[in-house]
Amino acid sequence: MAVGVGIDSGGGKQYEGRVTPFVIATCLVAATGGLIFGYDIGISGGVTSMDEFLMKFFPSVYAKEKNPIGHESQYCKFENHLLTLFTSSLYLAALVASFFSAATTRKLGRKASMTVGGLVFLVGAILNGAAMNVWMLIIGRILLGVGIGYANQSVPVYLSEMAPAKIRGALNIGFQMAITIGIFAANLVNYETAQMKENGWRVSLGLAAVPALIMTVGALFLPDTTNSLIERGMKEEAREMLQKIRGTTEVDAEYDDLVEASEVSKLVENPWKTIMEPRYRPQLVITALIPFFQQLTGINVIMFYAPVLFKTLGFGDDAALMSAVVSGLVNVFATVVSVFTVDRFGRRALFLEGGIQMFVCQIATGALIASVFGVSGDGAFSKEKGNLALALICIYVAAFAWSWGPLGWLVPSEIHPLETRSAGQSMNVSVNMFFTFIIGQLFLSMLCHLKFGLFFFFGGWVLVMTVFVYFFIPETKNVPIEEMNRVWKSHWFWGKYIPDDAPGLAHA
């Protein structure tokens, strides 16, 4: 049985087939790989704001926070490099793991990488929940990072290859939706475990095993993508899978294009060397800059330091955790908006609108904090100004959730030809994780030294990235990923890098 609409490439070749329940189901299961990333982002800030956790592992931070007669600036009371290492060490491990996962994804398939990621993350969650000292915590975080590196490298590629071009954006955003659900679930868990008299932090960290199990078990039942089967020489299985995905036996045109792309990719011995060639310059630059810019929106410091940030701004313990829950809920609902708009209005429209909205909110938040705390860091929010700060942060989170959040994973995963796809997605993950590590490690120090100017810092970068999108990122909605060279060839700047005989141009 098949439901939905015909698969129209929107200006490229039109393939036979419809959107089937099978492809919807497999993409939804695969997207659960985002749960582990989201849960970790959400859980870290809540745990690092819990008194019992700080007393056990970071007593100096706890003493600084609770010192009633000290003159510590509100901006600086959580500054501690070991505390930020607990949060950010994961992302350094994910960076390294993403390079190994590229080889796994290419040689063993996307499914294998997802399974490995889930299992390693599960071990890390158990280790964190049982931690007795800081280094046991950090080793557990490193294992979590390896799991996330594998998942974030393989899941977006799987979704882009499995989905029909017409709804590729919506199905790929399932990954970001799972991330936001993971963040929201973690915020709820933190709010409840903070009420426990002891070991609340252990429950929060240990429950990371739940999304790891969901992802691992789900991956075991997933089929591999047609692209991956062809890439590994299983052509008959690939044809059968394509027929099942499209709900029709008339798949010769699409199958032949996939085989052609695979033959081109087999000529590539070293994807990392190949991706540096001039003909792949558009994909290289955009795959490097999108995750770089995504982190310089400032979103992850809002997400994984949300309770700490709200406590810094004068909210009480419960109020800080509840505020994080509210922003997490906004994140989920705003991501739903992108699911229904990305294939209708396109990637560029969401990038540009979201960028403008984030810029306004960052500047307004910085100005509000400046008016209350000034440069000295002395002061406290009134109820009205505190609610205004929360509202501005939520509007900012919403803008990110329907723009740079999902598109930061979608666009890099859909623009690469098969021969550089695994390497390209590894680059996307590694750049993302590297700058997540840098921003995560430096955020509390930056807040201490830049003060309210930190929000102006991120706002300035949002302006830069919005201008970059306007001039350099073309529209990719409804274009089959094997015909993406048409998009680059017709672009005012990138066209000069694409040779006339590039794969896919024959179908223009």
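**Chat: rings, helices and loops**

Q: Is Phe58 buried or exposed?
A: Phe58 is buried, because its relative accessible area is 3%, under the 20% cut-off. Keep in mind that this is a predicted model.

Q: OK. How many aromatic pairs does the structure hold?
A: There are 26 of them. One is formed by Phe53 and Phe58.

Q: What are the ring distance and plane angle for Phe53 and Phe58?
A: The ring centres sit 5.7 Å apart, and the planes are at 45°. The pair therefore counts as tilted.

Q: And why does Phe53 count as buried?
A: Because its relative accessibility is 0%.

Q: Which kind of aromatic pair do Phe57 and Trp201 form?
A: An edge-to-face one. Centre to centre, the distance is 5.1 Å, with 90° between the planes.

Q: Where in the chain are those two, Phe57 and Trp201?
A: Phe57 is in helix H3, residues 51-57. Trp201 is in helix H9, residues 200-206.

Q: What is the relative accessibility of Phe57?
A: Phe57 has 6%, so it counts as buried.

Q: And of Trp201?
A: Trp201 has 1%, so it counts as buried too.

Q: Let's zoom out. How many helices and strands does the protein have?
A: The protein has 24 helices and zero strands.

Q: What share of the residues is buried?
A: Buried residues make up 62% of the 508 in the protein.

Q: What about contacts between residues 24 or more positions apart?
A: They account for 79% of the contacts with a separation of 6 or more.

Q: Now the helices. At what angle do H1 and H8 pack?
A: About 30°, with the axes 8 Å apart. H1 covers residues 21-31 and H8 covers residues 168-193. The two are therefore roughly parallel to each other, since angles under 35 degrees count that way.

Q: Which hand is the crossing of H1 and H8?
A: Right-handed.

Q: Which residues of H1 and H8 meet?
A: From H1, Ile24, Cys27 and Ala31. From H8, Leu171, Gly174, Phe175 and Ala178.

Q: How do the residues of that contact divide into nonpolar, polar and charged?
A: Six are nonpolar, one is polar and none is charged.

Q: New topic. Where is Gln425?
A: Gln425 is in helix H22, residues 418-450. With a relative accessible area of 1%, Gln425 is buried.

Q: What is Gln425 in contact with, leaving aside neighbours within four places in sequence?
A: Asn152, Gln153, Pro156, Val157, Trp409, Pro412 and Ser413.

Q: How are Gln425 and Asn152 placed, along the chain and between C-alpha atoms?
A: They are 273 residues apart along the chain, yet their C-alpha atoms are separated by 8.4 Å.

Q: Last one: the loops. What is the phi of Lys451?
A: Positive, about 60°, although Lys451 is not a glycine. Most residues other than glycine have a negative phi.

Q: Where is Lys451 found?
A: In the loop between H22 and helix H23 (453-472). At 18% relative accessibility, Lys451 counts as buried.

Q: And what is the phi of Asn478?
A: Asn478 has a positive phi near 65°, and it is a residue other than glycine. Asn478 lies in the loop between H23 and helix H24 (485-489).

Q: Is Asn478 buried or exposed?
A: Asn478 is buried, with a relative accessible area of 11%.

Methods: Residues numbered from 1 in each chain as written. Predicted model: local features only at pLDDT ≥ 70, side-chain atom pairs only at ≥ 80, totals over all residues. Heavy atoms only, no water. Axes fitted to C-alpha atoms, helices over the stretch in contact; angles between N-to-C directions. Helix = DSSP H or I, 4+ residues; strand = E, 2+ residues; numbered from the N terminus. Parallel < 35°, antiparallel > 145°, perpendicular 65-115°, else oblique. Left-handed = near helix turned anticlockwise from the far one by under 90°. Contact = heavy atoms within 4.5 Å. Nonpolar A, V, L, I, M, F, W, Y, C, P; charged D, E, K, R; others polar. Phe/Tyr/Trp six-rings, centres within 6.5 Å; stacked < 30°, edge-to-face > 60°. Buried < 20%, exposed > 50% of the residue type's maximum accessible area, 1.4 Å probe, protein only.
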